[in-house]
Amino acid sequence: MTAAQECGNEVGRPAGPLRHGAGIIVIDKPRGPSSHQVAAWVGKMLGCPVGHAGTLDPQVSGILLVMLGNAVRLAPLLLKHDKEYVCLMRLHKEVDRQRIDAMATEFSGRLYQRPPRRSAVKRLLRIRTIKKLEILDVQDRLVLFKVECDAGTYIRSLCHHMGLALGTGAHMQELRRTRSGAFDERCMHTLYALQDACCAAAAGDRAALDAMIVSVDAAVPDLPAVTVRDTAIDALCHGAALAGIGVIGCDEFRKDQAIAVLSQKREFVGLGKTLAPSTAWKPGMPGLLVAMTTIFMAPGTYPRCWKKHSRPEPAGPAPAKG
């Protein structure tokens with residue numbers, strides 16, 4: 001009997017939900033299934049709603065971020081993550097290594113790209129930045145390289161264009177995503193490992209499964225943060241904007257910038273958009289500082305300490321009269 005059969009009557013499906021609340025699992029997607037299929041299998045194992053960010057073609061392997069519960073609200077941010085890939089490209093004629101290395105240098109920086117015909121998006125011309133392109137090995141017509149690039153970069157198109165630049169033609173033979181934002185291969189878990197962890201959790205041992213699930217704040221490590229008083233949190237969870245008097249401390253930020261809102265215990269409350277720059281605010285100053293855009297903490301987690309009142313003005317210096 002397989003592990004999947006031991007932990008449920010239907011393969012991969014637990015007797016009850018194994019996960020409540022938001023979180024992220026970094027899956028090592030295998031070649032073959034689509035990203036949607038892999039995410040659906042994860043949801044079936046855990047018994048919770050899921051979504052995924054950064055679609056990989058069926059024949060591409062590597063990092064796939066699967067969002068659990070209301071972590072799907074992070075999708076717009078996760079989709080913007082820089083990516084890293086390792087690609088095996090096949091040239092249509094042999095080329096000496098020196099020319100290939102020189103070509104890699106030429107293809108670093110801003111490039112024009114049009115999505116390939118087999119893509120699921122409109123084939124509109126776009127600009128993407130190749131931050132680093134490193135040739136790892138060359139054997140006959142096979143070229144192994146690593147590329148760090150913007151989200152939405154098509155490596156298949158990159159191989160085609162490099163082949164044109166070399167005058168030989170080329171195509172992508174294999175591709176693996178090795179990093180998405182702050183998540184790299186050290187964070188990944190195979191579907192088999194997840195299935196084993198789910199079986200152990202169903203039997204009462206949740207240690208392995210809990211260790212696989214990443215908190216939602218780990219997906220936004222580069223965002224500036226504000227730390228708020230406990231008395232302000234429940235109002236934020238009900239959709240209120242954050243006033244300056246509810247803030248204990250903050251990083252530097254500009255107006256109209258995405259920001260992470262944390263409790264005094266460093267719990268992730270949600271995401272917001274700044275209504276004023278940090279330079280216009282001082283501790284204890286009234287006025288609105290952050291408009292909440294995405295809430296992850298459930299209302300009632302902290303006691304209600306607020307009453308309905310008229311809406312204050314945005315934080316910052318008073319307008320000149322005259």
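Visitor: Why is Lys131 called partly exposed?

Guide: This is a predicted model, and the value is computed from it. Lys131 has 42% relative accessibility. Buried means under 20% and exposed over 50%. Lys131 lies in between, so it counts as partly exposed.

Visitor: What makes Asp82 and Lys131 a salt bridge?

Guide: The N to O distance is 3.6 Å. The cut-off is 4 Å, so the pair qualifies. Asp82 sits in the loop between helix H3 (75-78) and E4, Lys131 in strand E6, and 49 residues separate them. Asp82 is also partly exposed, at 29%.

Visitor: How do you know that Arg156 and Asp57 form a salt bridge?

Guide: Their closest N and O atoms are 3.4 Å apart. That is within 4 Å, therefore the pair counts. Arg156 belongs to helix H5, while Asp57 lies in the loop between strand E2 (50-53) and strand E3 (61-68), 99 residues apart.

Visitor: What about Glu134 and Lys132: what makes them a salt bridge?

Guide: The closest N and O atoms are 3.9 Å apart. The limit is 4 Å, so this pair passes. By this rule the count comes to 9 salt bridges.

Visitor: Why is Ser278 called buried?

Guide: Its relative accessibility is 13%. Buried means under 20%, so Ser278 is buried. Ser278 lies in the loop between strand E14 (268-274) and strand E15 (288-295).

Visitor: What does the side chain of Ser278 reach?

Guide: The backbone nitrogen of Phe253, at 3.1 Å.

Terms used
Residues numbered from 1 in each chain as written. Predicted model: local features only at pLDDT ≥ 70, side-chain atom pairs only at ≥ 80, totals over all residues. Heavy atoms only, no water. Helix = DSSP H or I, 4+ residues; strand = E, 2+ residues; numbered from the N terminus. Buried < 20%, exposed > 50% of the residue type's maximum accessible area, 1.4 Å probe, protein only. Polar contact = N/O pair within 3.5 Å; in protein donor to acceptor, adjacent residues only side chain to side chain. Salt bridge = Lys/Arg side-chain N within 4 Å of Asp/Glu carboxyl O.
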